[in-house]
Amino acid sequence: IPSLSLPSSMHLIQVDSVQRWMEDLKLMTDCECMCILQSKPISIEKDEQNELILSSQYSRCDNLQLLLKRAWIISTELTRIAQKLEKNRWQKVHSMTVRVNCHVRSMVNEYNTFTRNSSEEMHQFEKLLIDKCSEFTAFTERCIQTEDEQILKSMKSCINETLTTVAQYFGRLIELVLTQEAQNLLRQIELSDSMYITESAISSLFSLTQEGAHLCRIIAKEGGVVALFKICRQDCFRCLYPQALRTLASICCVEEGMHQLEKVDGILCLADILTDNSHSEATHAEAAAVIAQITSPHLTFTQHLSSFLENMEEIVTALVKLCQEASSGEVFLLASAALANITFFDTMACEILLQLNAMKILLAACSDKHIVDTPYSRDQVVTILANMSVLDQCASEIIQGNGVQLLMEMLFERSSSGNSAEVAACERVQQKSAVTLARLSRDPEVADAAVKLSCIPRLIKLCRSPTERNNSDSVLVACLAALRRLAVMSPDGLEDSDFQQLVKPRLVDSFLLCTNMEESFV
């Protein structure tokens with residue numbers, strides 16, 4: 001079967017399966033009546049038709065969400081048809097083809113009721129898709145009327161070809177629809193002087209960005225980054241800055257968004273916002289979120305951010321201040337995440353942080369459970385500490401700020417909810433705290449403090465007990481490295497069996513021993 005080229009945006013509505021089923025029911029139940037009506041309007045008057053088909057209570061954003069859900073169903077059905085076709089389940093293939101036919105017609109009608117400026121190309125693809133769906137249904141109907149294997153075999157290739165064409169037309173139509181919607185919203189943002197209309201358009205644009213990278217690329221391509229930074233440079237729209245910046249952070253998850261940001265001197269604008277004390281904390285926090293996004297170490301396309309280096313010192317200074325003055329855990333998380341990413345982005349950032357007494361500020365924040373209140377926040381803090389620990393001057397800062405005690409506490413980080421994202425964050429906290437200890441323990445004073453705080457027994461426990469580290473190999477390697485560094489500084493802190501198994505062998509041999517260790521050994 002030829003592979004179906006379905007739009008990636010259709011696979012991005014990922015929610016609980018029961019919830020998805022409940023939402024889809026209202027879209028699925030009209031199939032039987034649609035088979036008869038074939039989407040013919042009850043009234044021949046256009047205005048009346050609009051009132052009957054789509055309730056006026058829906059906003060444009062609601063209508064677009066309805067369209068995306070309908071498109072998601074069609075995409076899913078096309079994939080299932082391909083699977084049933086492979087197994088020669090002709091009756092099933094036909095019934096599903098009828099459903100797709102109905103959903104396509106419904107989707108086209110629904111969209112045309114709330115948009116009046118569809119392009120000629122869009123109308124062309126609507127007609128092509130509907131005609132091809134009718135042809136598809138006719139093909140499959142002929143298949144269930146014969147039992148001749150040879151005829152079915154010869155028709156199968158035609159059905160495959162038609163299915164692929166339907167998927168291609170469908171994907172192109174959805175692309176055109178989403179592009180048009182992005183264009184409409186951006187036109188409103190650029191041309192409207194109304195605060196209400198602009199706010200509504202930005203809100204709708206943000207909703208679109210949450211549907212995935214494909215939509216973010218469309219928005220970036222249509223000038224979304226340019227339009228939003230234009231808003232962020234007008235004082236009359238100051239109250240909309242947080243919303244505009246939040247949308248920018250979403251768009252900049254894709255390369256096209258980053259390129260646009262660079263072209264419009266977006267970094268300079270973000271630096272101006274962060275260093276302007278007249279802005280609200282919410283605005284500063286959302287600007288920090290954009291910085292965190294564009295400096296993410298997971299992105300492979302940050303090399304063109306040359307202008308970032310020019311503004312790095314003032315951005316880092318503003319972010320440290322935001323961490324120090326944060327009124328909530330969310331604000332601290334955004335500011336510290338931006339700082340953590342910057343320490344990966346350029347090593348000079350660590351030296352700037354040291355000059356700004358950032359170590360002291362971060363360690364103090366960790367003692368406030370209302371500010372550093374989640375494993376995610378502690379992950380950002382320990383990331384900064386780990387990256388700064390390569391500098392020799394950090395050791396004295398850690399000692400003065402009671403940082404070794406904090407690192408010891410982080411070795412006990414456990415998830416309270418069992419949520420997979422939180423568990424992963426806890427693993428990162430354990431791993432990075434061990435890495436930081438290993439790096440800082442080259443200083444005898446830090447090593448002595450770690451030994452006195454019983455870091456060695458905790459590291460041994462993490463090495464020997466898979467459940468303590470949630471079976472994480474990265475935590476194990478970090479703990480073995482830290483243990484070996486401390487063992488050099490304090491060889492009397494280990495029992496002979498621990499030394500023989502965890503310190504003396506090659507690291508890889510100790511690693512293999514610990515990964516194969518049963519709980520009964522502990």
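Which helices each supply at least two residues of the lining of the largest pocket? In this predicted model, the helices that do so are α11 (241–251), α14 (281–294), α16 (329–345), α19 (375–388) and α22 (420–440). The greatest contribution comes from α16, which gives seven residues to the lining. In total, 23 residues line the pocket, and the space within amounts to about 640 Å³. Nearest the pocket centre lie Ala292, Ser296, Ala337, Asn341 and Gln380. By residue class, the lining comprises ten nonpolar, seven polar and six charged residues.

The protein as a whole contains 27 helices and zero strands. Of its 522 residues, 53% are buried. The accessible surface was computed as about 24,400 Å², with carbon and sulfur atoms accounting for 51% of that area. When contacts between residues at least 6 apart in sequence are considered, 75% are found to join residues at least 24 apart.

Helix α24 (residues 455–464) is largely enclosed by the rest of the structure, because eight of its ten residues are buried, that is, under 20% relative accessible area. The buried set consists of Cys455, Ile456, Arg458, Leu459, Ile460, Leu462, Cys463 and Arg464. The cover over these residues includes α21 (403–410), α22 and α23 (444–452), as well as α25 (473–489), α26 (496–503) and α27 (507–515).

Key:
Residues are numbered from 1 along each chain as its sequence is written. This is a predicted model: local features need pLDDT of at least 70, side-chain atom pairs count only at pLDDT 80 or more; totals for chains, interfaces and linings use all residues. Side-chain values use heavy atoms; hydrogens and water are left out. On a 1 Å grid over the protein atoms alone, a cavity is a set of points where a 1.4 Å probe fits but cannot get out, and a pocket is an open set with protein on both sides within 12 Å along at least five of seven lines; lining residues have an atom within 4 Å of a point. Grid points are joined across faces, edges and corners, and a volume is the space filled by probe spheres set on the points. Helices (H or I, at least four residues) and strands (E, at least two) are DSSP runs, numbered from the N terminus. Ala, Val, Leu, Ile, Met, Phe, Trp, Tyr, Cys and Pro count as nonpolar, Asp, Glu, Lys and Arg as charged, and the others, Gly among them, as polar. Buried means under 20% relative accessible area, exposed over 50%, partly exposed in between (1.4 Å probe, protein chains only). Contact means heavy atoms within 4.5 Å. Accessible areas come from the Shrake-Rupley method with a 1.4 Å probe; for residues, only the protein chains shown count as cover.
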